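Please walk through this protein with the model open beside you.

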Amino acid sequence: MARVSNDITLQQLRYFIEVATEGSISAAADLLYVSQPTLSAAMKDLETRIGRPLFTRSARGVVLTVDGVEFLGYARQVVEQVSLLEQRYVGGQPSRRLLGVSAQHYSFAVEAFVRMVEAAAADEYEFSLRETRTWDIIEDVRTLRSEVGILYRNDFNRQVLGKLMRDAGVVFTPLFVAQPHIFVARRNPLASRKRAALADLADLPRLTFDQGANNSFYLAEEILSTMSSKREIRVSDRATIFNLMIGLGGYTISTGLISDDLDPEIVAIPLDVDERIEIGWIAHASVPLTVQAQTYLDELRAVVTSYGVEPLG
């Protein structure tokens, strides 16, 4: 059996990745076609060899420790690189592609994800894309449920988000800076305007993404979250917010990057405000990105460029 270092085997690393992904030794054992006692023993042996616990165990399953989160990142790197080496020089079968992305509700993030999946051209893969709340994006990356997170910051939320990310051990890397736009349905009277002002929005329903229990102004997905509105509707997904734009003539404020292919009934109109939206990606500070994550970020930059926006960095 191939060995990596200090008698840790590749099989143990693959077992560990599966257990961490499933959050359950029994569930991982079923997927790996090994017995639960065998897998449990392999994980205890791995922890003994590295001299620290990787999981906190309970009746509900297993959760990665702080050391376990860091170890998972390196384990993925090792297994991915070995798979690439075998494909290149041993003629092995392509490995199963893996990647998790958590993002605020941006169609350009979905467009890049589609391109990434198509470019992978893999017979087997397991990708996940979660459009979710700001707090959950940071938490997903902290726990490595997702390798990459996509969210925005500006002068209003910068300090609060910065502290949350530092406490979570994740790092923000700017992707691009956007002028705020309103998104409205094509049949909305504002859709024919070259620009819109805040006064134009006074009588329209404002549509925002619900942040759940962490519904702070600082965690809002939209700028100007403290601005009062006579009519406000909170939603949980992008399809619903677009349906309400069409059905109720509502609006939301976002980046202006919207796909005609993915969202043909919605248009973006520049909003006259002295604000800027800085979109960026986050990743775990102590875990290097996998090749698949780098591929997604490359596609993300390509999509942004296709909208005439210059990526940062």
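A residue is buried when its relative accessible area is under 20%, exposed when that area is over 50%, and partly exposed in between (1.4 Å probe, protein chains only). By that rule, buried residues make up 48% of the 313 residues in the protein.

The model is predicted: local features need pLDDT of at least 70, side-chain atom pairs count only at pLDDT 80 or more, and totals for chains, interfaces and linings use all residues. Residues are numbered from 1 along each chain as its sequence is written, and side-chain values use heavy atoms, with hydrogens and water left out.

Start with confidence. pLDDT is the predictor's confidence in each residue, from 0 to 100. The protein averages 89, and 93% of the residues score at least 70. Residues 1–5 stay under 50. Contact means heavy atoms within 4.5 Å. For residues 1–5 the model has ten contacts beyond four places in sequence. Where pLDDT is low, the predicted coordinates should not be read in detail.

Now the overall build. Helices (H or I, at least four residues) and strands (E, at least two) are DSSP runs, numbered from the N terminus. The protein has nine helices and 14 strands. Its C-alpha trace spans about 70 × 40 × 35 Å along the principal axes. Take the contacts with a separation of 6 or more: 76% of them join residues 24 or more positions apart.

Which residues of helix α7 are buried? In α7 (residues 158–168) they are Leu161, Gly162, Met165 and Ala168. Seen down the axis of α7, these buried residues fall within an arc of 130°, so they line one face of the helix. The arc is that of the directions from the helix axis to the C-beta atoms. An α-helix has 3.6 residues a turn, so residues three or four places apart point the same way. The buried residues of α7 pack against α6 (134–142), β7 (148–153), β8 (170–178) and β14 (277–284). The face turned away from the buried side carries the exposed residues Gln159, Arg166 and Asp167. Just after α7, glycine 169 takes a positive phi of about 75°.

Helix α6 holds aspartate 140. Leaving out residues up to four places away in sequence, aspartate 140 touches Ser102, Arg130, Thr132, Arg145 and Ser146.

Next, the loop between β10 and β11. Leucine 219 sits there. With 5% relative accessibility, leucine 219 counts as buried. Beyond its neighbours within four places in sequence, leucine 219 is in contact with Thr134, Trp135, Leu161, Leu164, Gln211 and Asn214. Leucine 224 lies in the loop between β10 and β11 too. Its phi is near 60°, a positive value in a residue other than glycine. Most residues other than glycine have a negative phi, and most peptide bonds are trans. Tyrosine 33 also has a positive phi, of about 60°, although it is not a glycine. Tyrosine 33 lies in the loop between α2 (25–32) and α3 (36–50). Tyrosine 33 is exposed, with a relative accessible area of 77%.

On a 1 Å grid over the protein atoms alone, a cavity is a set of points where a 1.4 Å probe fits but cannot get out, and a pocket is an open set with protein on both sides within 12 Å along at least five of seven lines; lining residues have an atom within 4 Å of a point. Grid points are joined across faces, edges and corners, and a volume is the space filled by probe spheres set on the points.

The second largest pocket has a volume of about 220 Å³. Of its 18 lining residues, the closest to its centre are Thr208, Ala220, Glu222, Ser225 and Glu232. β10 (206–209) gives the largest share of the lining, four residues.

The count of cavities of 30 Å³ or more is four. The largest cavity has a volume of about 130 Å³. It is lined by 16 residues, and His105, Phe183, Phe209, Thr252 and Ser254 lie nearest its centre. α8 (238–248) and β12 each give two or more residues to that lining.
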